Amino acid sequence: MKIVVCIKQVPDTAGGVKFKPDGTLDRGAMLAIMNPDDKAGLEAALRIKDKDPENVHVTVLTMGLPKADEVLREAMAMGADDGLLITDRVLGGADTWATSSTIAGALKNMEYDLIFTGRQAIDGDTAQVGPQIAEHLHIPCISYAREVEVEGDSVKVKRQFDDGYMIVKAKMPCLITALSELNEPRYMTPGGIFDAYAKDVTVWGRKDLDVEDDNIGKAGSPTMIAKASDKVAKGKGVVVTPDTPAEAADYIVKTLDEKHVI
């Protein structure tokens, strides 16, 4: 069984977010981590491998700058068998459509039974790339996975909703988008880290992708950024010291009325 896990190196927002003049993220200038939902998808794949290590192969795939090699090696140190980095200048500035087209273009040249992606990335929060990949590949997509179980040539997934859940079963090949609540990802091991840096990461560029030029990079991205800015800091608050609870309540009601909240 061949499993491909699509992971993304995202900005560590604790270190600050930086933008380029054109409004796109300056990823090369920011600290980066593995996207949490993607890490849950990786853990789900590794747990499937744990049950049959001789017959399950896990490949991690990412698209990004050359420094995204780091997140692939982290995944390999956790237990993935190998990594594939898709990087090329012409792929820069891609929106969800161009990103999913590019990743699908790589997957068309790979063997897979099951694909995991995270539900969404913490930098874009669109939750679009996973389902779009499945659409490009013409395979079933099961999103919002809370539990995953492989049954022969099918996969059974518990999909989580705000007010309940749904059990869905699909034949493989299939794509699953994972919630961060799906599991508790394992840590890297010292031996795993050593092995990960002893291996080579496969690097693919534009020539290795089965995708049209019109669907890649910034030129192939229909999304237009009107404006981008850092988070606006809140203004200084007002401190009041009413003498009684009734005066406090009157002040709150009066303030809400003045601001047309009520």
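Two strands pair if DSSP finds at least two bridges between them, with strands (E, at least two residues) and helices (H or I, at least four) taken as DSSP runs numbered from the N terminus. On that basis, eight bridges join strand β8 (residues 154–161) to β9, and the two run antiparallel. This is a predicted model, so local features need pLDDT of at least 70 and side-chain atom pairs count only at pLDDT 80 or more, while totals for chains, interfaces and linings use all residues. Residues are numbered from 1 along each chain as its sequence is written, and side-chain values use heavy atoms, leaving out hydrogens and water.

**The sheet**
- Nine strands make an open, mixed sheet, in the order β9-β8-β7-β10-β6-β1-β4-β5-β11.
- β9 (164–171) and β11 (202–204) sit at the edges with a single partner strand each, so one side of each has no neighbour in the sheet.
- From one strand to the next, the twist averages 30°.
- Zooming in on β9, A170 is the bridge partner of V155.

**Helix on sheet**
- Helix α1 (residues 36–51) lies across β1 (2–6), β4 (57–63), β6 (114–118), β7 (141–151) and β10 (174–178).
- α1 runs at about 150° to β6 (angles run from 0 to 180 degrees between N-to-C directions; axes are lines fitted to C-alpha atoms, for helices over the stretch in contact).

**Helix on helix**
- Helix α2 (residues 69–78) packs against helix α5 (residues 190–198) at about 130°, with axes 7 Å apart.
- R73, M76 and A77 in α2 meet G192, I193, A196 and Y197 in α5 (contact means heavy atoms within 4.5 Å).
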